[in-house]
Amino acid sequence: LANLLQGLNSPDSAVKEKAIVETEKRLCEQGASREEESRTTVNRTVINTRAPVRAFPSETKALHHLDVFLAILEKDAKERAERRKRNEHLANALKEKGNDAFRKGDFAVAIQRYTEGLEKLRDKQELYTNRAQAYLKLHEYEKAISDCEWALKCNQKCLKAYFLMGKAHLALQHFSESRQCYEKMLQIDPQKERLFKDCVNEVILEEKRVTEEERALRAAQSGSAAALSIQELLQRLNTPAQDILYYTGGIRLLAEVVSSCTEQTFFRTNNGFSILRNEPVRWAFCAERKGTAEVELCVSLLLLWQAVCAGNEENQRLLLTQPDVNAQLPELLSSGISDIQKETLALISLYSENESGRRLLVRHQDMSRWLQILMAFVKSTDAKAGSAMNILSDLIGEERFKTQCRVLFSTDVLPLFTQLLGCARQVQQGPLARVVGSVGSLCADVEIRAQLAQSRLCWQACLELLDGALAVSTPGYQQCVFAVLGLMMNLLLESNGIIQHFAVPISGRCLALLSHQDGRIVTRAIGVLSRVLPASPPAVEEVVKGGVVKKMLKFLKAGGQLTSTYAIKTLSICTRRSKQAQEDLVKWDKRFRVLLRLLESGSELVVGNAALCLSQCLGVPGAAASLLHSHVVLLLLRQAGGDAERTSVQENSAIALARLCVAEPRHIPQLRRLNGLAILNSCMKHLHSS
């Protein structure tokens, strides 16, 4: 004990630390023995008549020292806990100061604050990772890696540490180590797969860049003619105060020389992207009003950049980081100058056709504006419309594209879209159909879909386009009709007063389209009916008067799986809302042959709606009796007692079975023979609740 006390008071930190460890070990042993003693049962009814045994003086002294020692330890533990609490508070305050400096871009100050925080609390993981992030900003990659390693000593599963360490290794071109860090990150959290793929792709691109530049350097050292030509042309293009035609000719020659990956790399490593620093070239490229000479130079630049960026991700990235290029691309697209628009679209296509290029565009450009510009090419009379639609189709799947478009969609994009729908007969109809399809894809975003579904102008424009469906037989117009019906199906996932207002005219247009020659259009028209009718009882009455029941039965007899799904859903809605629809179904589907066949379908959605439709028609006089001597009881019993994933299949089948027996008791003996009374009894609650 004396040695321990002496060690605790030692000025040597190593000796003191060793004494603390030994003391804590003894305390744990002491605590364990006391716990064991406290669990010992004692017979307290027995009186100890023996005289107490007195401890020897040496033992009493030792016990006294132990009590003093334990008191000192307890006091020291409390002091250390309080000290840690104070230090943690100070460390958190310094961390916040560091974060504030980091946000302001003052990374040196941020590092200083994080360091001060670590002096207060050496095992605070966040301070290490935050300081590592600041070191990365200052390109001090080795220090960043060291801090990440310390963070992992504090927390072995620190995702941020592995992420930042991977970035630091990548910057040092330690590609294998960088991949290992990202793999560790995925092992810790498999849900980070998207981040993992992005990080690994970044490693692949950087490794590819380094390899290309090493290859280009070897080619230059071996006296490559292409390398010499590129260097000479770039030097001449840097000559100041020359005529525009001088620069145009040089740029054209340069575009012809660049024809391979190595030559693209020569261009990059010889500062080819600095060509816009030449004032005459920059002025001609950025001029709002361009004469013939400026147009020629601009087209030449676009051709050069196409040659330089084709299949080269690093060059694509560098081009978009040029402020003038980034600012001018949308201006060139909307310039109205055909040659400039054509070559700008060709350049952008190089980006949109690959994932990394699309992400560059979405990151650097205003996609809401781009959506408007690309949509407007529908009015173009040449191949530019197709090129613009290809780019739009490529970009539409990017989540960030949808997020950007969401903000100004109703004020900027929607008016142009409705205008294009309104002049469908005057514009290129193939590209217009693709625009409608792209807008339909945007409806996967709930906010954009809600904005469209709330627009009266949008619904009116869609109806006007459908009005010409039977009159205009051109393939392009029929593509537009097909696309508009798909858009309407997406919008009808919403429910609002505008949809209720337009439900009757929408239903009327779709009913008319059921006689269309194109089966795809017919299927989508039925799909629209199946989604719009629940919103409006008057719409149901109108289509029932128009003979919708007979038409749906016709499609159910001959239609495919998708058509049948929509048609039976439409019938179930009509028979639920309309007595006339029930009578029509009994009249046109003799002995329910169509519905009985649908009850054996492999589609749960079809089976559930067929059972619902049947149950709603059994109240018609003679309907239940017409099913005597059929296998309807067996079919319904099989579905009611089955294991379908959709509970509506069991419920609707049970309800239909109950209503069948109530309407026609002669079905009950067959139910008994099939041991189905228990199922019928349990399904009565569905009948009452319905």
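Predicted model: local features only at pLDDT ≥ 70, side-chain atom pairs only at ≥ 80, totals over all residues.
1. The largest pocket has a volume of about 1100 Å³. Its lining comprises 31 residues, and those nearest the centre are Lys 167, Leu 170, Glu 202, Leu 205 and Arg 317. By class, the lining holds 16 charged, 10 nonpolar and 5 polar residues.

2. Helix α9 (193–221) is among the elements that supply at least two residues each to this lining, together with α5 (125–137), α7 (159–171), α15 (313–320) and α18 (355–364). The greatest contribution comes from α9, with 12 residues.

3. Helix α34 covers residues 632–640; because 7 of its 9 residues are buried, the helix is largely enclosed by the rest of the structure. The buried positions are Val 632, Val 633, Leu 635, Leu 636, Leu 637, Gln 639 and Ala 640.

4. The whole structure contains 5 aromatic pairs. One of them joins Phe 102 and Phe 107: the ring centres are 5.1 Å apart and the planes meet at 65 degrees, so the pair is edge-to-face. Phe 107 has 19% relative accessibility and therefore counts as buried, the cut-off being under 20%.

5. Phe 267 and Phe 273 also form a pair; with ring centres 5.2 Å apart and planes at 85 degrees, the arrangement is therefore edge-to-face. Phe 267 and Phe 273 are both buried.

6. The charged end of Lys 153 is placed over the ring of Trp 150, at 4.1 Å from the ring centre. Arg 524 lies over the face of Phe 482, 3.6 Å from the centre of that ring.

Notes. Residues numbered from 1 in each chain as written. Heavy atoms only, no water. 1 Å grid on protein atoms, 1.4 Å probe; cavity = no way out; pocket = protein on both sides within 12 Å on 5 of 7 lines; lining within 4 Å. Points joined across faces, edges and corners; volume = space filled by probe spheres on them. Helix = DSSP H or I, 4+ residues; strand = E, 2+ residues; numbered from the N terminus. Nonpolar A, V, L, I, M, F, W, Y, C, P; charged D, E, K, R; others polar. Buried < 20%, exposed > 50% of the residue type's maximum accessible area, 1.4 Å probe, protein only. Phe/Tyr/Trp six-rings, centres within 6.5 Å; stacked < 30°, edge-to-face > 60°. Lys NZ or Arg CZ within 6 Å of the ring centre and 35° of its normal.
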